[in-house]
Amino acid sequence: MLLSAFTASGLFSLASAHCLISTATGDLGGNGTGLGVAANGINNQGDVTVFKATTGFGATGAGGAVVPATLLATQLKITGSTIPQVSSASGVVTMTLHQINADGAGPMTCSVSADASGKAFAAMTIMTNVPGTNGKSTAANADFPLVASLPAGTTCTGTVGALTAVCAVKCANPAGPFGSVVLVQQVAAKKVRRSLRANGGCK
């Protein structure tokens, strides 16, 4: 009985602290969401990823282990055919962190697996963070901006499904850790062509 009570208490604690990434875009466009998130704007704790190790992509309560190759197709149905596009120069990822309850707060840490394998991660620079202390705040069912940039010199080399040049971005709070994994694709920045006439050239 005591063991059962302890187990139930542990599961309740695990299920009571959550946050997830509901939207994501790169500095060159595209759209994404956290892998395993069933729909934009969802408030379902089962879609939150729990990270219990420093490597790997964690697991959600609803879908189990987060496997990018398996979950990509579902994400594309939600967000469209182009995942967040990032440049090699700045590599900025702008996300919406959805805080489900008090224990899903910041501050967040983000890291990147350059080959999208989850075997190794490098720390990203947080440009805009989520409020909170040790993963807790008074907010609930609230959205916050979360902006992070890839480390300088990062080259995305992963292949996920039919996509190449993919990095996997992992963002988590200190409470669980809880959060999400977002896939981004590194592409060349488009050059803007200006007409000679507009710049006082040949007429």
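1. Cys 156 and Cys 167 are both buried, where buried means under 20% relative accessible area, exposed over 50% and partly exposed in between (1.4 Å probe, protein chains only). The two form a disulfide with their sulfur atoms 2.0 Å apart; a disulfide here is a pair of cysteine sulfur atoms within 2.5 Å. The link joins distant parts of the chain, with Cys 156 in the loop between β11 (142–149) and β12, and Cys 167 in strand β13, eleven residues apart. The torsion about the S-S bond of Cys 156 and Cys 167 is about -105°, so this disulfide is left-handed.

2. On the source: this is a predicted model in which local features need pLDDT of at least 70 and side-chain atom pairs count only at pLDDT 80 or more, while totals for chains, interfaces and linings use all residues. Residues are numbered from 1 along each chain as its sequence is written, and side-chain values use heavy atoms, with hydrogens and water left out.

3. The structure holds two disulfides. The other is formed by Cys 110 and Cys 171, whose sulfur atoms are 2.1 Å apart. This pair too links distant parts of the chain: Cys 110 lies in strand β8 (residues 109–113) and Cys 171 in strand β13, 61 residues apart. The link of Cys 110 and Cys 171 is right-handed, with 115° about the S-S bond. Both of these cysteines are buried. With the bonded cysteines of the protein chain numbered in sequence order, the pairing is 1-4, 2-3.

4. Cys 19 counts as buried because its relative accessibility is 0%.

5. Helix α2 spans residues 68–79, and Pro 68, Leu 72, Gln 75 and Thr 79 in this helix are buried. Those residues lie on the same side of α2 because they cover an arc of only 75° around the axis, the arc being that of the directions from the helix axis to the C-beta atoms. Thr 70 and Lys 77, on the other side of α2, are exposed. Helices (H or I, at least four residues) and strands (E, at least two) are DSSP runs, numbered from the N terminus.

6. The buried residues of α2 pack against β2 (29–32), β12 (158–160), β13 (163–172) and β14 (178–186), with contact meaning heavy atoms within 4.5 Å. Just after α2, Gly 80 takes a positive phi of about 105°.
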